[in-house]
Amino acid sequence: MQITRAVGVTTRRRRQDMCPGVLRPWVAEDGLLVRLRLVGGLLHGGSLARLLRVSAEFGDGNIHLTSRANLQLRGLPDDGGQLPPSVLAAIESTGLVPSRKHDLVRNILVSPQTGLAGGRVNLRPVAQCLDAALRADPHLARLPGRFLFTLDDGRGDLIDRLTGAGRRGTDLGLVALSESEVQLRVGDHWGEVVRLDESALHLVALAAAFLDVRGTGDDAAWHLRELPAPLRTPLAADPRVPAPAPPLPYGPVPGGTHRQVPDGLLRPEPARSLLEHSASEDAEFVVTPWHGILVPRTLEANP
């Protein structure tokens, strides 16, 4: 894969990215705030139950959903700007922090219904491969905490995220064109059409190339669009790229039920209601980027 490398970086910032994680909390008025990355919003019932207990014991009792389908805890105790060791251990017991070094960089947004209903192909395996490749490379732990990967399974629900500008824009991503091909998205431009089974490795290679050219210090680029030249030669969108689809509606949808979480604030009682659908700790929910939780139909069938 040939990569066009820019020389130098032009940004207006004079500070480093401070996007929060578990090892880098945000100091808020009500205590520390931490963010936990979910790959494609996937959340196991056991992790949700343990996270609810952590928030009840140490935080504000709630779980907060973000527009990137991640989770946040807030109101946590502050030990010199860091979590006390007991709180950190409790959060890690949820299984949602598989790599301390890569805590900030596992920002992977995926079509929530993929593998459940619709779409051109199930992108869950691609997302898992991408996550594993990120965690396997120590160099990629240097990606900014705001750097975003977006994977649209061809239904168009995340096309606006792929092509959007500003804070909602994607850095690297793809859209499924068929069961075996995807087109890459590289910053503000379309990239080449590649095989589905090689797509995660293409994204990892592009992320590494971005790190090589983003610069150093407080003025280093956070996003590909901040580079003075495209990382790859821009290409036209493939005719099979879908038109943008509206956000997933709340209520019954193909594959399950999309439950609204008003203002992204998952309170203890609704969270416990979700867990009643779970026959085991391995049951899977999908947090969506629209302040909702998709309960798969297989869980709805449980007594």
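**Reading helix packing and buried residues**

Me: At what angle do helix α1 and helix α6 pack, and how far apart are their axes?
Reply: This is a predicted model. Helix α1 covers residues 45-58 and helix α6 covers residues 268-275. They pack at an angle of about 155°, and their axes are 10 Å apart.

Me: Which residues make the contact?
Reply: From α1, look for Gly45, Leu48, Ala49 and Leu52. From α6, look for Pro268, Ala271, Arg272, Leu274 and Leu275. Sorted by class, the contact of α1 with α6 has seven nonpolar residues, one polar and one charged.

Me: Let me try another pair. How do α3 and α5 pack?
Reply: Start with the angle again. Helix α3 (residues 124-136) and helix α5 (residues 199-213) pack at about 35°, with axes 9 Å apart. Then take the handedness: α3 passes α5 in a right-handed crossing.

Me: Which residues meet there?
Reply: α3 brings Val126, Cys129, Leu130 and Ala133. α5 brings Ser199, Ala200, Leu203 and Val204. By class, the contact of α3 with α5 has seven nonpolar residues, one polar and no charged ones.

Me: Now single residues. Is Val87 buried or exposed?
Reply: Compare its relative accessibility with the cut-off: buried means under 20%. Val87 has 1% relative accessibility, so Val87 counts as buried. You will find Val87 in helix α2, residues 85-92.

Me: What is Val87 in contact with?
Reply: Set aside its neighbours within four places in sequence. Val87 is then in contact with Phe58, Leu76 and Pro77.

Me: Where is Asp152, and why does Asp152 count as buried?
Reply: Asp152 is in strand β7, residues 149-152. Its relative accessibility is 0%, so Asp152 counts as buried.

Me: Which residues does Asp152 touch?
Reply: Leave out residues up to four places away in sequence. Those touched include Ser111, Leu123, Asp157, Ile159 and Val175.

Me: How far is Asp152 from His139?
Reply: They are 13 residues apart along the chain. Their C-alpha atoms are separated by 26 Å.

Methods
Residues are numbered from 1 along each chain as its sequence is written. This is a predicted model: local features need pLDDT of at least 70, side-chain atom pairs count only at pLDDT 80 or more; totals for chains, interfaces and linings use all residues. Side-chain values use heavy atoms; hydrogens and water are left out. Axes are lines fitted to C-alpha atoms, for helices over the stretch in contact, and angles run from 0 to 180 degrees between N-to-C directions. Helices (H or I, at least four residues) and strands (E, at least two) are DSSP runs, numbered from the N terminus. Contact means heavy atoms within 4.5 Å. Ala, Val, Leu, Ile, Met, Phe, Trp, Tyr, Cys and Pro count as nonpolar, Asp, Glu, Lys and Arg as charged, and the others, Gly among them, as polar. Buried means under 20% relative accessible area, exposed over 50%, partly exposed in between (1.4 Å probe, protein chains only). A crossing is left-handed if the near helix is turned anticlockwise from the far one by less than a right angle, and right-handed if clockwise.
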